[in-house]
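Good morning, and thank you for making the time.

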Amino acid sequence: MSRRPVVHQFIPSLAERDAVGFHTFAVDGILRELGADSTIYTAHIKSETKDLARHYRNHVKDPNPDLIIYQASIGSPMADYVMGRSEPLMLNYHNMTPPEFFYGWDATLGAELDHGRRQLARLCRRAFAAVADSDFNARDLTELKLKRVEVIPVLTDDALFPTDRPLAPGPIPDRSALTVLFVGRLAPNKCQHDLLAAMAVVCQRMPGSELVLVGSSSSDRYEQSLREFAVELGIADAVRFEGSVSARDLGSWYRRADVFVCLSEHEGFCVPILEAMAWGVPVIAFDAAAVPDTVAGAGVVLDDKSPAVVASAVERVVSDESLRQLLFELGSARAKELRTSVVRPRFRDFLVELLESAEIRR
């Protein structure tokens, strides 16, 4: 294409510290680096991004793009708008949580996810190419008959990774002051209730242990049920609900953590696993969805998340020095493989190919 290409990205909701939001800004940076006229459109502009994006309803006033990139992660009227456009469409798919996880807690969000899954089928018929964060996500698209799907990991915020990466695993933790960490939204698919059940056994075996849950809430009802469950289990004093925290505080929690435990049943990628590895924190995770892809052998992956099994895994990881050393080495290597400085050139090459393709050449 001899003239400057025009590329418009669409994302239903845009926030700087959200993983999909950061990825969208990173893609915008690549497009500008390639000389494209790049604009981000969103349906929900937050205060911190109001000067970085436009509302999609204003899009009709702007020049027609050569390429539309749609960041797909939830149902949105924006998807219907995009599908009504005639320009070439590329999907960037970050997964959509199955609505069944939410229907018992938040019917509105469950309906949005259900609508999003149905929209995804139509988007796949409309798009000519897609990027998926993981092999797990790619399967959603290929099952919907989208022929060209490239698997490229999400572009992460390297600022969340330590600049002073630990050179060795920390000492064997004090069993009377153990910190178990999980980072992610309080959401039924992330199964913090299973973490609480496991933590009750951990506290029996290692009194003084603490579970720290970092992340905002997707469902007020689910969060309240977690707090009540912690009381019922007798571990309310051993569980900290930290909510959303600053990048600085998040780094402090990774520094303090003795083990990162993820028992989620549905993840499209799970960036916090990567962050934990980068901070030298050993990872224990349940074998579900994209989690095995992300861990890639660099953590302990369980096919059984019953409380006693999880507690035994935690006990072994925090007490076996040779295992901690191995997980530190494997985790550090895996985190380096997925840093944006490594992944970004792959995404850039894919965009170059698209911008030069016959589908968008005029």
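Predicted model: local features only at pLDDT ≥ 70, side-chain atom pairs only at ≥ 80, totals over all residues.

Residues are numbered from 1 along each chain as its sequence is written, and side-chain values use heavy atoms, with hydrogens and water left out.

The chain has twelve helices and 13 strands; these are DSSP runs numbered from the N terminus, with helices being H or I of at least four residues and strands E of at least two. Along the principal axes, its C-alpha atoms fill a box of roughly 65 × 45 × 40 Å.

Let us turn to the helix pair. Helix 5, residues 192-205, packs against helix 6, residues 220-233, at an angle of about 10°, and their axes are 10 Å apart. Axes here are lines fitted to C-alpha atoms, for helices over the stretch in contact, and angles run from 0 to 180 degrees between N-to-C directions. The two helices are therefore roughly parallel to each other, a term for angles under 35 degrees. Helix 5 makes the contact (heavy atoms within 4.5 Å) through Gln192, His193, Leu196, Ala197 and Ala200, and helix 6 through Tyr222, Leu226, Phe229, Ala230 and Leu233.

How does helix 5 take part in the lining of the largest cavity? Helix 5 gives the most to that lining, with four residues. A cavity is a set of points on a 1 Å grid over the protein atoms alone where a 1.4 Å probe fits but cannot get out, and lining residues have an atom within 4 Å of a point. Val180, Leu211 and Val261 are among the lining residues.

How values were computed
Parallel < 35°, antiparallel > 145°, perpendicular 65-115°, else oblique. 1 Å grid on protein atoms, 1.4 Å probe; cavity = no way out; pocket = protein on both sides within 12 Å on 5 of 7 lines; lining within 4 Å.
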